[in-house]
Amino acid sequence: MHVLVIGANGTTGKMAVKKLAESEQHLVKAMIRKSEQSKEMEDLGARPIIADLEQAFKYAFEDINAVIFAAGSGPDTGMDKTTAVDRDGAIKAIDFAKEKGIERFIMLSSMGADDPSIAGDSETFRHYLQAKHDADVHLKQSGLNYTIVRPGALTDDEATGKIDVSEEMKHREGEITREDVATILVESILFTNLHHKTIEMVNGDEPIKDALKRI
């Protein structure tokens, strides 16, 4: 696959770029906002493309057939930025992918995006989950061949390579390493059993590939 990673300079996105570049099955285009980030993407083995989710970026979708959307403002950057990136930027990316006939769209979402009310009294976190929710709904309704990846709380720990995954987890208190999430994003591209599915995961006891095959 020729894969565009949106949010390539983020921690998880950068890990996904590296894994794609190391794979013999993929070529990777890394979407970044600043030209000074280009060399690092090139060093990772990707072709950098300068584009901004808050501006016009349809040109980034040329000569690709898969997208990993790993961009995110996070819940602490302000509601306007969350709306611009996590909702509006994602929705624009989905629309561009549909217009270009992209074969696969992998969305990095968040556990809890199905029910933003779980954020309770935290207005910023609820807004963040609502933005993710709106983007996920738009993707589901787009007609694209999608997989929505909803991890639990992210950590910077060393990858374990093992997860607990389900289309709807009963217990959502667990954590998962960013690198394991990056692996899931990359592996999901070629798992046909994950087409048109939303999956939730935390670190667990089952090797990632075995767990994904089971869904």
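## Ground rules

The model is predicted, so local features need pLDDT of at least 70 and side-chain atom pairs count only at pLDDT 80 or more, while totals for chains, interfaces and linings use all residues. Residues are numbered from 1 along each chain as its sequence is written, and side-chain values use heavy atoms, with hydrogens and water left out.

## The sheet

Let's start with the strands. There is an open sheet of 9 strands with mixed pairing, in the order β3-β2-β1-β4-β5-β6-β10-β8-β11. Strands here are DSSP runs of E with at least two residues, helices are runs of H or I with at least four, and both are numbered from the N terminus. Two strands count as paired if DSSP finds at least two bridges between them. The edges belong to β3 (47–50) and β11 (206–207); each has a single partner strand, so one side of each is left without a neighbour in the sheet.

Strand β4 (residues 66–69) pairs in the parallel sense with β5 (residues 104–108) over 4 bridges, and β1 and β4 also pair in the parallel sense over 4 bridges. On the β5 side, Ile-68 stands opposite Ile-106 and Phe-69 stands opposite Met-107. Buried means under 20% relative accessible area, exposed means over 50%, and partly exposed is in between (1.4 Å probe, protein chains only).

Contact means heavy atoms within 4.5 Å. Angles run from 0 to 180 degrees between N-to-C directions, with axes being lines fitted to C-alpha atoms, for helices over the stretch in contact. Helix α4 (residues 123–140) lies across β5, β6 (146–151) and β10 (197–203), running at about 160° to β6.

Thr-82 sits in helix α3 and is buried, with a relative accessible area of 2%. The C-alpha atoms of Thr-82 and Lys-132 are separated by 9.1 Å, although these residues are 50 apart along the chain.

How far apart are the end C-alpha atoms of helix α1 (residues 11–22)? They are 17 Å apart, which agrees with the 16 Å that its 12 residues should span at 1.5 Å a residue (the expected span is 1.5 Å times one less than the number of residues).

The buried residues of α1 are Thr-12, Gly-13, Ala-16, Val-17 and Leu-20. They cover an arc of only 140° around the axis, which puts them on the same side of α1; the arc is that of the directions from the helix axis to the C-beta atoms. An α-helix has 3.6 residues a turn, so residues three or four places apart point the same way. The buried residues of α1 pack against β1, β2 (27–32), α2 (38–44), β4, β5 and α5 (178–188).

Val-186 lies in helix α5 and counts as buried at 10% relative accessibility. Leaving aside neighbours within four places in sequence, Val-186 is in contact with Ala-16, Lys-19, Leu-20 and Ile-68.

## Two more residues

Thr-198 is in strand β10 and is buried, with a relative accessible area of 11%. Not counting residues up to four places away in sequence, Thr-198 touches Lys-140, Tyr-146, Ile-148, Arg-150, Ser-166 and Glu-167.

Gly-174 lies in the loop between β8 (162–166) and β9 (175–177). Gly-174 is partly exposed, with a relative accessible area of 25%, and touches Gly-152, Ala-153 and Val-202, not counting residues up to four places away in sequence.
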